Amino acid sequence: MLEVFFTVDVEVWCDGWHNIDEKFPDAFRKYIYGPTAKGDFGLPYTLNVLKDHGLRGVFFVEPLFSTRFGEQPLAEIVGLVRESNQEVQLHLHSEWVDESRVPLLADSGTKRQYLRYFTMEEQIALVATAGRLLKQAGARDVNAFRAGNFGFNRDTLGALAANGIRFDSSYNASLMGPDSGVMPGVSVVEPIECDGVYEYPMTVFRDGTGSLRHTQLTSCSFREMKGLLWQALETGRHSFVILSHGSELLNPAKNRADDVVVKRFQQLCAFLDKNRDSFHVRGFRGLKPKLPQQQPAPLASPIWKTGVRMIEQAYRRKYR
Ligand SMILES: [Zn+2]
């Protein structure tokens, strides 16, 4: 049995940092509800598809935006996820720190894109604030975290431990994982314990061109994802972490559904539902970590599947 985590980062962006107060209501609708001429394809749609298949999703909700726009929109997001009986966990984008109406740190004057740009003490304070906001918005039993843009470092794990958060899923071997200070020189692809926190890294794979990719709905075809899931099971992997976003089923302008990605999501859910004797789709609550003796090499997907995906991606770009 392979433990599969279908993780969804939920966040709102205002398309730049000018006039954000004016832009926010429209941005919130787009990023959270995703209205289109053919219906809504945002967070409620994702929640419904998971519910239809009886699958668990982990929703990493970003709360720092509420220090600018107020508690209500955050409470609305948390409410949607909780009503659907899914897991709310903590996501944090430090880009919001200097936009807050009240200073969150002694030095909040400049925008710092990644959490790793903050000291350990600052990270402890930010995680505490973000966790409190999420709790005030109705979240319960938060025990897992993901840094925005995967921009964490080893201090982040210490900051999580200091805040009583046991699980992290910020390590991404295809982005900033290798220079995070966690297991230098090793590509972490399976769970590890570090500084009192269990790290559940993003699942990554080598595609047919040799490049390392993470398993995300928009960057990996269903055929690739299915092959990788079987490969992970057959090679005795412990965990498989998939990435999505609350607005990932929409095109970049967020005014139309991305039909290819919607289909991938539906196919993936149907597949995981049908094969639940092989894949345990779960969250971080009640998780008893199983750690491998050593880190295996990243999974690999054959060149022909890369080719088919490239055609699919070209189609998506043409019709978005
Ligand atoms: Zn994010």
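**View 1. Phe6 stands opposite Ile242 in strand β12.** This is a predicted model, in which local features need pLDDT of at least 70, side-chain atom pairs count only at pLDDT 80 or more, and totals for chains, interfaces and linings use all residues. Residues are numbered from 1 along each chain as its sequence is written. Strands (E, at least two residues) and helices (H or I, at least four) are DSSP runs, numbered from the N terminus. Two strands pair if DSSP finds at least two bridges between them. Strand β1 (residues 2-10) and β12 (residues 239-245) pair in the parallel sense over seven bridges.

**View 2. Strand β1 also pairs with β13 and joins β4.** With β13 (residues 279-281), β1 pairs in the parallel sense over three bridges. Here Glu3 stands opposite His280. Four bridges join β1 to β4 (residues 58-61), and the two run parallel. The partner of Val8 in β4 is Phe59. Strand β1 is mostly covered: seven of its nine residues are buried. A residue is buried if 20 or more other C-beta atoms, placed from the backbone, lie within 10 Å of its own, exposed if 12 or fewer, and partly exposed in between.

**View 3. Three strands form an open sheet in the order β11-β10-β14.** The pairing is mixed. The edge strands are β11 (212-214) and β14 (299-300), and each pairs on one side only. Strand β10 (residues 204-206) pairs with β11 in the antiparallel sense over three bridges. Val204 has His214 in β11 as its bridge partner.

**View 4. Val78 sits among its contacts.** Val61, Val78 and Leu134 touch the most other members of the largest nonpolar core, which has 85 residues. Such a core is a set of buried Ala, Val, Leu, Ile, Met, Phe, Trp, Tyr and Cys residues joined through C-beta atoms within 7 Å. Not counting residues up to four places away in sequence, Val78 touches Val61, Val88, Leu134, Ala137, Gly138 and Ala139. Two residues are in contact if their C-beta atoms, placed from the backbone, lie within 7 Å.

**View 5. Gln72 is found in helix α4.** This helix spans residues 71-83. Gln72 is exposed because 9 other C-beta atoms lie within 10 Å. Gln72 and Ile20 are 52 residues apart in sequence and 17 Å apart in space, C-alpha to C-alpha.
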